Amino acid sequence: MSDSLSPCPGPRVSRRHLLQVGAASALGISLPKLLRAEESRNRSGTHTTADACILVFLDGGPSHLDMWDLKPDAPAEIRGEFKPIATTVPGVQFGEHLPRMARHMHRAALIRSAHHGVNNSHAAAVYCGLTGHDRGENGGGAKPTDHPAIGSVLGMLRPPDRPVVPYVALPFVTQEGAGGPPQPGFFGGWLGKPRDPLWVLRNPNAADFGMPELTMNPDLDPTRFNARRQLIAHLQSPAGSLADRALQDMDGVCAKAYDLLTSPAMQQAVRIDREDPKTRDAYGRNIYGQSVLLARRMIEAGSRAACISWAPDANATWDTHGGNFKKLKNELLPQLDSAISALLTDLSDRGMLDRTLVVVMGEFGRSPKINAGAGRDHWNFCYSLMMAGGGIRPGYVHGASDKIGAKPSRNPVTPADIVATIYACLGIPADTELKDRFDRPSLLVPWGRPIAEMMT
């Protein structure tokens, strides 16, 4: 018996698709728009290649010249201290302190020609990198009018098929400088607070790590708890006034809390202590390595997106204005090397890599010329990033930089193109129209063009 409910000519609509349409209608997405998007995908031959995304964000600006795009023939004040090493793809070299990641290049792809217009403000560059919206040097903290995070959009348009939180962020709400406001790009923005991530702000490497928030108080009767939730839903008024919308946001947050308290999958996912000790060792016994492992556990439990922000504040880790080589060699690169290589191995061994998109990037790179403090400064004019799994073409390098890594010399791309590529792998057109809580339409990132050469 056919699952199609439509005897009429045109796109065949399954029962499952109609259920998705019903959910989408509440988000301001109409049936015609969904069908047009489906027809567009069919005509172009593209298809959803990833069901989830793990984004490792190297907050502060990692040095492309010392990691993924070394210039061994450049003058000493450009090339720096590190030597290039071979990877598993002939002709592609990494920096010497990424030996494990080098052995996974046949599974991954590089972009060596990314660039944008923000050089000074970390917040503005982070926002540009994570959303594709370049607002120049306008910094400042996260605002409810910001464009939504990738995880927020993914969790809304492709909600999990089990009762788990759709979008997780860890281990920090990264500040714009110590004591500063939270950086933008990680939140639900104009989609509302219910689309914010679940923040896991404890150290997964701590011996006493746990999430007591996910455990229902034994004194609370589940039947009474469910009755309270139904009462709140019944009293909820239709959207109208600002107060009504605030109540809707509150109800969305309460619904998320309810789902967490009643989800065995989430409660098991955070039990990182049940992971094989050898696996934990492979990821690295530090806050970032264990956060990457916890992200894998969350995705395996059914979450759609996990974002690791690798810094408590923008200046704390990858912002290597001083002591660039010492910090990279002794701390940052060994930790990254362990975490990413273990993640790719783990996902592959579990049969998850083909449907999980892994992205490793920062908001910009570092300057070609080494400064007086043995550091490299902000450099938005050219930088590199890595992608793997989820429909990304393995062993591929897109674009190139010039002789000193200062400007793209071939196939330049922008953050909008990168974000559009991420969305394309996840089955979301970059020009998808969404509506905010006030019913105002916006397009995701309409000027972004998916990088077709990157995708299988």
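I began with the largest cavity of this predicted model and asked which element gives the largest share of its lining. That element is β7, with three residues.

By class, I noted ten nonpolar residues, two polar and no charged. The space in the largest cavity comes to about 90 Å³. I also looked up how many cavities reach 30 Å³ or more, and the count is three.

Next I turned to the second largest pocket. I noted about 250 Å³ of space in it. Its lining has 13 residues. Those nearest the centre of the pocket are D51, A52, R162, I299 and R304. I sorted the lining of this pocket by class and got three nonpolar residues, four polar and six charged.

Last entry: S63. I placed S63 in the loop between β1 and α3 (76-79). Is S63 buried or exposed? I have S63 down as buried, because its relative accessible area is 1%, under the 20% cut-off. I checked the side chain of S63 for a partner and found D66, joined to S63 by a polar contact of 2.6 Å between the side chains. Leaving out residues up to four places away in sequence, I recorded that S63 touches N324, L328, R366 and R376.

Terms used:
Residues are numbered from 1 along each chain as its sequence is written. This is a predicted model: local features need pLDDT of at least 70, side-chain atom pairs count only at pLDDT 80 or more; totals for chains, interfaces and linings use all residues. Side-chain values use heavy atoms; hydrogens and water are left out. On a 1 Å grid over the protein atoms alone, a cavity is a set of points where a 1.4 Å probe fits but cannot get out, and a pocket is an open set with protein on both sides within 12 Å along at least five of seven lines; lining residues have an atom within 4 Å of a point. Grid points are joined across faces, edges and corners, and a volume is the space filled by probe spheres set on the points. Helices (H or I, at least four residues) and strands (E, at least two) are DSSP runs, numbered from the N terminus. Ala, Val, Leu, Ile, Met, Phe, Trp, Tyr, Cys and Pro count as nonpolar, Asp, Glu, Lys and Arg as charged, and the others, Gly among them, as polar. Buried means under 20% relative accessible area, exposed over 50%, partly exposed in between (1.4 Å probe, protein chains only). A polar contact is a pair of N or O atoms within 3.5 Å; within protein, one must be able to donate a hydrogen and the other to accept it, and residues adjacent in sequence count only if both atoms are side-chain atoms. Contact means heavy atoms within 4.5 Å.
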